[in-house]
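Open the structure in your viewer and keep the selection tool at hand. This tour goes stop by stop.

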Amino acid sequence: MNIYQKINRKYSDRIYIGNVPIGNNSPISVQSMTNTKTSNTVETINQILELQKVGADIVRVSIPTFQDAESFKIIKKKIKIPLIADIHFDYRLALKAIEYGADCLRINPGNIGNQRKVSEIINYAKDKNIPIRIGVNAGSLEKDILKKYKFPTSQALVESAIRNIEYFDSLNFNQFKVSVKASNVFLAVDAYRILRRHITQPLHIGITEAGGLRNGTVKSSIGLSILLLDGIGDTIRISLAANPVEEVKVAYDILKVLGLRSRGINFIACPTCSRQEFDVIKVVNQLEKKLEDISFPLDVSIIGCIVNGIGEAKIATLGLTGGHKSSTLYEDGIRQKNKLKNEDIVEDLEKKIRKKIYELQN
């Protein structure tokens, strides 16, 4: 049963980052960024593989020095997932990243320097058919724009973006996407809404520097959901002061709730009360950890008592309703004869979930 309202996504042009399509109604791609030292190639490679395992479509790697550029060359040879090279200040690092196989560049033209330097990046990217993200941030606007507006505003962010878009257009380069990020949710949302009315290039959306795991998740969920419900956004990144693996998980949770993408087990679980017949929180936490390797989407309800348990179980693929000593299992809305002993719920339900996924896939 499809209970989601269809979100009418606004038109955008399509580009490719490696083999990942961005824009023109392609699936909204999920990005994250490594927080290891790029010069530590082993740690960086391992983190990229972790991000890929939990579903990242694209990973961004910062290249602040020429030593990091040399490390990026090694990393790129070991990784299959598309990599974006994050470049600031020194345009020569962008040229090196392209030479060493970057699938995309992220630059903030405002801190690269004069137009000659930006044009060198664009011309080399055009020659190698490498897309670029014009990344405008409220914290690093051009000096003249900041002087004009006094402080970051949505209009200031959009003016910076449009200025750079026009320059890219003047060089006949159209393989780019754009972001106008801010740590303030309302500022970012307003900037993206204005920008979408002016351009058709794909938009990378996010709330930058959103904060720690809890606060950043809340801010990002609010900001990105507003934009996604408006049909705005072609690729997303959740910016958290946390393990970047959590960024990918949060991104998929947001997309899953909106019916835009689904990956892994969707646990419907009660907040628990004195009616619970087993430790719901413990069961859900353990199952989430045990089933991290699952990418197949599946709804599983775990409710500690019969108040809402039966109703939720009947609309989930698999559902568990708490009972005294043993709990009732539903599959595809049908009550099963054999109950699960409460002390064995984690092990037994994991087996049931894996068996169900196998059946659905074969």
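Select Val 248. In this predicted model, Val 248 is buried, because its relative accessible area is 0%, and buried means under 20%. The residue belongs to helix H10, which covers residues 244-257.

Now show what surrounds Val 248. Beyond its neighbours within four places in sequence, Val 248 is in contact with Val 30, Ser 32, Leu 51, Val 54, Gly 55 and Ala 56. Ile 238 and Val 248 are 10 residues apart in sequence, and their C-alpha atoms are 7.2 Å apart in space.

Next, go to helix H7. Select residues 154-170, a run of 17 residues. From first C-alpha to last, H7 reaches 24 Å, close to the 24 Å expected at 1.5 Å a residue. Colour its buried residues: Ser 154, Ala 156, Leu 157, Val 158, Ser 160, Ala 161, Ile 162, Asn 164, Ile 165, Tyr 167 and Phe 168. Past the helix, stop at Asn 172. Asn 172 follows H7 and has a positive phi, near 55°.

Which residues touch the most other members of the largest nonpolar core? Select Ile 87, Leu 105 and Leu 195; the core itself has 82 residues. Zoom in on Leu 195. Setting aside residues up to four places away in sequence, Leu 195 touches Val 158, Ala 161, Ile 162 and Ile 165, along with Val 178, Val 180 and Leu 203.

For the last stop, pick Val 283, Val 284, Val 346 and Ile 353. They are among the 21 residues of a second, separate core. In soluble globular proteins, nonpolar side chains tend to be buried together.

How values were computed
Residues are numbered from 1 along each chain as its sequence is written. This is a predicted model: local features need pLDDT of at least 70, side-chain atom pairs count only at pLDDT 80 or more; totals for chains, interfaces and linings use all residues. Side-chain values use heavy atoms; hydrogens and water are left out. Helices (H or I, at least four residues) and strands (E, at least two) are DSSP runs, numbered from the N terminus. The expected span of a helix is 1.5 Å times one less than its number of residues. Buried means under 20% relative accessible area, exposed over 50%, partly exposed in between (1.4 Å probe, protein chains only). A nonpolar core is a set of buried Ala, Val, Leu, Ile, Met, Phe, Trp, Tyr and Cys residues joined through side-chain atoms within 4.5 Å. Contact means heavy atoms within 4.5 Å.
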